[in-house]
Amino acid sequence: MSKLLLHSNAPWAPTGYGAQTKLFAPRLAEHYDLAISSFYGLEGDRLNWEGIQVFPGLGNEFGNNHLIRNAISHFGAPRDGLVLTLLDVWVLSPEVSAQLDMACWVPVDHAPAPPMVRDFFGRSGAIPIAMSRFGQEQLADFDPLYVPHGFDPEIYRPHDQREVREQLGADRDAFLVGMVAANKGAPSRKCFQQALQAFAAFRETHDDAILYLHTDIHGDENLLAIKEALGIPDAAVRVADQYRISLHPLPSAIMARLYSTFDVLLNPSAGEGFGVPVLEAQACGVPAIVSNFSAMKEVCGVGWKVACTRRWTSQLSWQVDPDVEEIVAALESAYGLSEDERRKVSELAVAHAAPYRVDTVMREHFLPALDEVAERLNARKPIELVA
């Protein structure tokens, strides 16, 4: 299979999917005739990005109405190439997907995999490529392949904390706790409520602690209202530029410096399909506080994994609520690290992130997985009889 259509967010979109598209698409284009089918980030007409054609989408319909036409436009016929999706598969139409040769680089953030996810793979015939070992376990009945997300080590690397705090105007001598997360859903999958509760309790005895929120504070949850209700003083919170969050995202090089200002990343989510900010923070030498669940257990190699209780969701499966007291204890542990311990933690975090370097992922996982996808699809084709 020489033609590949990557169906995901546009490579400039300020999302985790957009970041991975931007990272891997140029590398995939070295091996395949690649185009991008964008269901988010581009409307109106096609655009050429770094020599790769990007097809537009239509708002909030995930490509179900135009994915086959995009495939025909790029391949010549619906099955004359491979469609590779990078999104939650439960939003896709199994009937549309069954008309294509499709593999799905898929997040799983519930245990077990939700019925909608299982139903999609059962009805579409698409081949799952799990982005975490956790996801691979949850989809075991469908014989999934494994390709993790990645990062660019030329960009995401440790920077001198004092230096980057001065560059970015961060509080020079504060204990800086950072959250980099989308404010979507109520209650939030990113568990802002529990994170803010824990920070409020921690701040009562540590007046040098600052919480930085790299998110839309007026998203599906009103984070400022929660902050006020918890009595967190204004002086203890810093908020990202709200215009830039949505409409002019910080370049990756600046994000790497931003991570390096943190003493710890706070990411106690209800569930993660992968958790790109956790990986990026680790690559920058920053430990993380995560829920001991889903992909977070493997992506966070250095930090604290807090206990949780199960949460039933609208997807008819389980995620988790992190324990607030354990988050407070983790913040205390991070705060109490000596300079030597911080240096060692940073080194261990960088070492843990190393296998996720983008070129390592391409060589050891992505290209072998796509070869296996081609073999499986070829095995399904009917035998051609020669007279």
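In this predicted model, helix 1 (residues 16–28) passes helix 15 (residues 358–380) in a right-handed crossing. The axes of helix 1 and helix 15 come within 11 Å and cross at roughly 65°. On the side of helix 1 the contact is made by Leu23, Phe24, Arg27 and Leu28, while helix 15 contributes Val358, Asp359, Val361, Met362, Phe366 and Leu370.

How many of the twelve residues of helix 7 are buried? Nine of them are, and helix 7 is therefore described as mostly covered, since buried means under 20% relative accessible area. The buried residues of helix 7 are Phe192, Gln194, Ala195, Leu196, Ala198, Phe199, Ala200, Phe202 and Arg203.

Turning to the strands, six of them form an open sheet with parallel pairing, and their order across the sheet is 11-10-9-12-13-14. Strand 11 (237–239) and strand 14 (303–306) are the edge strands, each of which pairs on one side only. From one strand to the next, the twist averages 25°. Within this order, strand 12 (residues 264–267) and strand 13 (residues 288–291) pair in the parallel sense over three bridges, and Leu265 stands opposite Ala288 in strand 13.

Another pair of strands runs in the antiparallel sense: strand 15 (residues 308–312) is joined to strand 16 (residues 318–322) by five bridges. One of the pairings places Arg311 with its bridge partner Gln319 in strand 16. Strand 15 and strand 16 form a hairpin, with five residues between them.

The backbone also has some local features that deserve attention. Most residues other than glycine have a negative phi, and most peptide bonds are trans.

| Residue | Phi | Loop | Relative accessible area |
|---|---|---|---|
| Glu50 | about 50° | between strand 3 (47–49) and strand 4 (52–55) | 61% |
| Leu316 | about 65° | between strand 15 and strand 16 | 51% |

Glu50 counts as exposed because its relative accessibility of 61% is over the cut-off of 50%. Leu316, which lies in the turn of the hairpin, is likewise exposed, because its relative accessible area of 51% is over 50%.

A cis peptide bond with an omega of about -5° joins Ala111 and Pro112, and Pro112 lies in the loop between strand 6 (102–106) and helix 4 (115–124). Another, with an omega of about 5°, joins Ala186 and Pro187, and Pro187 lies in the loop between strand 9 (175–180) and helix 7.

When residues up to four places away in sequence are not counted, Ser93 touches Asn64 and Phe120.

Key
Residues numbered from 1 in each chain as written. Predicted model: local features only at pLDDT ≥ 70, side-chain atom pairs only at ≥ 80, totals over all residues. Heavy atoms only, no water. Buried < 20%, exposed > 50% of the residue type's maximum accessible area, 1.4 Å probe, protein only. Helix = DSSP H or I, 4+ residues; strand = E, 2+ residues; numbered from the N terminus. Pairing = 2+ DSSP bridges. Axes fitted to C-alpha atoms, helices over the stretch in contact; angles between N-to-C directions. Left-handed = near helix turned anticlockwise from the far one by under 90°. Contact = heavy atoms within 4.5 Å.
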